[in-house]
Amino acid sequence: MVEEFAFDNTEDRRKRRQSESGWVEVIVGSMFSGKSEELIRRLNRASIARQRVQVFKPIIDSRYSIEEIASHSGRKHLSEPVSTSADLKASVKPDTEVVGIDEGQFFDTGLIDVVIGLANSGKRVIVAGLDQDYTGKPFEPMPQLLCIAEYITKIHAICVKCGATANFTQRTVESDARVEVGASDKYEARCRQCFVPHSDAPTIHPS
Ligand code: ADP
Ligand code: ZN
């Protein structure tokens with residue numbers, strides 16, 4: 001977390017940015033861990049510093065608000081919906097300095113090369129996403145993005161069962177689809193002790 005302060009835009013860093021290459025920041029954790037909140041916080045600071053910011057999120061479901069990213073606590077930032085990583089790449093303007101990407105786990109694996117390309121061209125790229133799916137498996141392309149990132153922030157929710165640190169996302173409805181869009185109606189933050197892996201859980205009832 002110490003490095004977090006280094007991301008924020010001191011005058012010095014802003015000057016150096018003109019000649020420096022970019023970098024990649026990745027924010028991961030379970031659902032409700034505050035990933036979107038943290039992404040929005042960083043993007044707002046960049047906007048206040050008058051940097052040119054573009055924010056993207058994948059189009060996955062019409063229930064998702066299409067022109068903004070939102071945290072569960074209600075904080076928002078404008079965003080551009082895109083269907084694929086190629087779409088995202090094509091939508092980034094040459095003079096954009098900061099590229100924010102929310103729900104990174106819902107992009108195709110082409111996102112890895114797109115992020116590398118953006119950082120190589122001098123942009124600060126911030127990707128937020130789930131590191132694990134509802135079964136606890138790494139959720140591509142986030143694991144690959146974690147490997148190539150200069151800065152990683154892993155944050156946690158609070159286990160709704162016991163109050164411990166939650167690293168897992170428990171699905172509370174029956175569905176075997178990897179992508180099942182929902183919030184507290186379908187998911188809970190759980191710690192390792194309280195998380196019931198899907199294979200062990202024929203039926204999980206919301207409490
Ligand atoms: P993420 O993007 O990681 O899903 P958000 O940034 O959208 O998370 O939402 C984080 C907010 O969700 C918290 O600030 C808090 O208000 C709320 N919240 C709801 N349930 C929990 C929980 N079990 N643990 C922590 N925060 C929770
Ligand atoms: Zn627990």
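**Notes on the predicted model**

1. Lys76 belongs to strand S4, which covers residues 76-78. The model is a predicted one, and the values quoted in this note are to be read accordingly. Although Lys76 and Arg41 are 35 residues apart along the chain, their C-alpha atoms are separated by 9.6 Å. When residues up to four places away in sequence are left out, Lys76 touches Ile40, Glu68, Ile69 and Ala70.

2. The sheet deserves attention next. It is an open sheet of 6 strands, arranged in the order S5-S2-S6-S7-S1-S8, and the pairing is parallel. Its edges are formed by strand S5 (80-82) and strand S8 (151-154), each of which pairs on one side only. On average, neighbouring strands of this sheet are turned by 20° against each other, direction ignored.

3. Strand S6 (residues 98-101) runs parallel to strand S7 (residues 124-130), and 4 bridges connect the two. Ile101 stands opposite Val127, a residue of S7.

4. Helix H3 (residues 35-48) touches strand S1 (23-29), strand S2 (53-58), S6, S7 and S8. The direction of H3 makes about 165° with that of S7. Helix H5 (residues 111-120) also packs on the sheet, with contacts to S1, S6 and S7. For H5, the angle between its direction and that of S7 is about 155°.

5. Ligand 1 is surrounded by 15 residues, and the closest are Lys35, Ser36, Glu37, His72 and Ile158. The shell around ligand 1 divides into 6 nonpolar, 7 polar and 2 charged residues. An oxygen atom of ligand 1 lies 3.0 Å from a polar backbone atom of Gly34. Another entry in the list of contacts places an oxygen atom of ligand 1 at 2.9 Å from a polar backbone atom of Ser36. In the case of Glu37, the side chain takes part: one of its N or O atoms is 2.7 Å from an oxygen atom of ligand 1. Taken alone, ligand 1 exposes 580 Å², of which the protein buries 74%.

6. Which elements give two or more residues to the shell around ligand 1? They are H3 and strand S9 (157-158). The most is given by H3, with 3 residues.

7. The peptide bond from Glu140 to Pro141 is cis, and its omega is near 5°. Pro141 is located in the loop between S7 and helix H6 (142-148). Arg50, found in the loop between H3 and S2, has a phi near 60°, which is a positive value in a residue other than glycine.

Methods: Residues are numbered from 1 along each chain as its sequence is written. Chains are lettered from A and ligands numbered from 1 in the order in which they are written. This is a predicted model: local features need pLDDT of at least 70, side-chain atom pairs count only at pLDDT 80 or more; totals for chains, interfaces and linings use all residues. Side-chain values use heavy atoms; hydrogens and water are left out. Two strands pair if DSSP finds at least two bridges between them. Axes are lines fitted to C-alpha atoms, for helices over the stretch in contact, and angles run from 0 to 180 degrees between N-to-C directions. Contact means heavy atoms within 4.5 Å. A residue is near a molecule or strand if one of its heavy atoms lies within 4 Å of it. A polar contact is a pair of N or O atoms within 3.5 Å; within protein, one must be able to donate a hydrogen and the other to accept it, and residues adjacent in sequence count only if both atoms are side-chain atoms. Accessible areas come from the Shrake-Rupley method with a 1.4 Å probe; for residues, only the protein chains shown count as cover. Ala, Val, Leu, Ile, Met, Phe, Trp, Tyr, Cys and Pro count as nonpolar, Asp, Glu, Lys and Arg as charged, and the others, Gly among them, as polar.
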